[in-house]
Amino acid sequence: MRLVVLGGSGAGKSTQAQRLGKFFDVPLVSTGETLREAIYGNCQDNIYNELNDLVIEAKPYLEQGELVPDEMMIEFIKVRLKQPDVNNGWILEGYPRTAFQCEELDFLLEDLGQNLDWAIYLQVSAAAMVSRSVGRLLPDDQLEIVQGRVELFYDRTIPILEYYDHRRRLLTINGDQSPEQVQQGILTLLG
């Protein structure tokens with residue numbers, strides 16, 4: 001199973017991606033977590049050695065709550081999806097975040113001989129995104145930064161949803177439910 005989990009800050013992407021990874025027994029590839037771990041020193045995986053330069057370049061963007069530029073994220077994903085632990089599937093969370101990244105992901109998957117099964121969009125209100133994110137106490141989850149990320153998310157989300165909807169690869173789930181209900185909704189739609 002190869003899934004992309006989409007949603008705004010605090011929409012429950014990480015929670016659902018972890019649950020789906022366990023359910024399908026495939027690795028979770030979380031770009032936000034990976035970059036945070038590499039920047040704030042919690043990483044123990046040797047793939048970060050290959051990504052070190054990208055992480056150093058990305059740090060100022062993350063600290064200001066901005067999205068990491070497409071070129072950096074695309075290179076990051078290229079390195080990560082070439083690792084042997086993801087050969088039999090993956091759950092991708094935090095990427096793609098722009099329509100351009102969607103296209104680049106498709107090109108990469110074609111090169112790797114893989115296909116995306118579904119993009120899952122966790123739809124939640126802006127107020128829920130802000131309140132959930134601020135409550136997480138992560139270094140880049142301060143109120144002003146979160147509000148900026150939510151605005152950026154809406155500006156960039158419609159083209160991503162249109163991209164996957166046009167390719168008949170989009171599943172939309174009400175993310176304002178409990179994590180268990182959201183997971184059950186996803187599994188029901190996946191059939």
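**Close-ups of a predicted model**

**Figure 1. Both faces of strand E1 are covered, with Arg2, Val4 and Leu6 buried on one side and Leu3 and Val5 buried on the other.** "Buried" here means under 20% relative accessible area, while exposed means over 50% and partly exposed is in between (1.4 Å probe, protein chains only). E1 spans residues 2-6, and five of its five residues are buried, so the strand is largely enclosed by the rest of the structure. A quick note before you go on: this is a predicted model, where local features need pLDDT of at least 70 and side-chain atom pairs count only at pLDDT 80 or more, while totals for chains, interfaces and linings use all residues. Residues are numbered from 1 along each chain as its sequence is written, and side-chain values use heavy atoms, leaving out hydrogens and water.

**Figure 2. Which strands pair with E1 in the parallel sense?** One is E3 (residues 90-93), which runs parallel to E1 and is joined to it by four bridges. Another is E4 (residues 118-123), again parallel and again with four bridges. (Two strands count as paired if DSSP finds at least two bridges between them.) Look for Leu3: its bridge partner in E3 is Ile91, and in E4 it is Trp118. Zooming out, the chain has eight helices and five strands. These are DSSP runs, numbered from the N terminus: helices are H or I with at least four residues, and strands are E with at least two. Along the sequence they follow the pattern β-α-β-α-α-α-β-α-β-α-α-β-α. Of the chain's 191 residues, 47% count as buried.

**Figure 3. Two aromatic pairs turn up in a search of the whole structure.** Phe23 and Phe24 make an edge-to-face pair, 5.0 Å centre to centre with 85 degrees between the planes. Phe24 counts as partly exposed because its relative accessible area is 25%. Tyr163 and Tyr164 are also edge-to-face, at 5.2 Å and 90 degrees, and both of these tyrosines are buried. For the rules: rings of Phe, Tyr and Trp (its six-membered ring) pair if their centres lie within 6.5 Å, and planes under 30 degrees apart are stacked, over 60 edge-to-face, and the rest tilted.

**Figure 4. Arg167 lies over the face of Tyr163, at 3.6 Å from the ring centre.** Likewise, Arg169 sits over the face of Trp118, 5.5 Å from the ring centre. To count, NZ of Lys or CZ of Arg has to be within 6 Å of the ring centre and within 35 degrees of the ring normal.

**Figure 5. The largest pocket has a volume of about 860 Å³.** Of its 49 lining residues, Gly8, Ser9, Lys13, Glu93 and Arg97 are the closest to its centre. Elements giving two or more residues to the lining include E1, helix H1 (13-24) and helix H7 (143-166). H7 supplies the largest share, seven residues. A pocket, on a 1 Å grid over the protein atoms alone, is an open set of points where a 1.4 Å probe fits, with protein on both sides within 12 Å along at least five of seven lines; lining residues have an atom within 4 Å of a point. Grid points are joined across faces, edges and corners, and the volume is the space filled by probe spheres set on the points.

**Figure 6. Glu151 is found in helix H7.** Is Glu151 buried or exposed? Its relative accessibility is 57%, so Glu151 counts as exposed. Glu151 and Gly8 are 143 residues apart in sequence, yet 9.4 Å apart in space, C-alpha to C-alpha.
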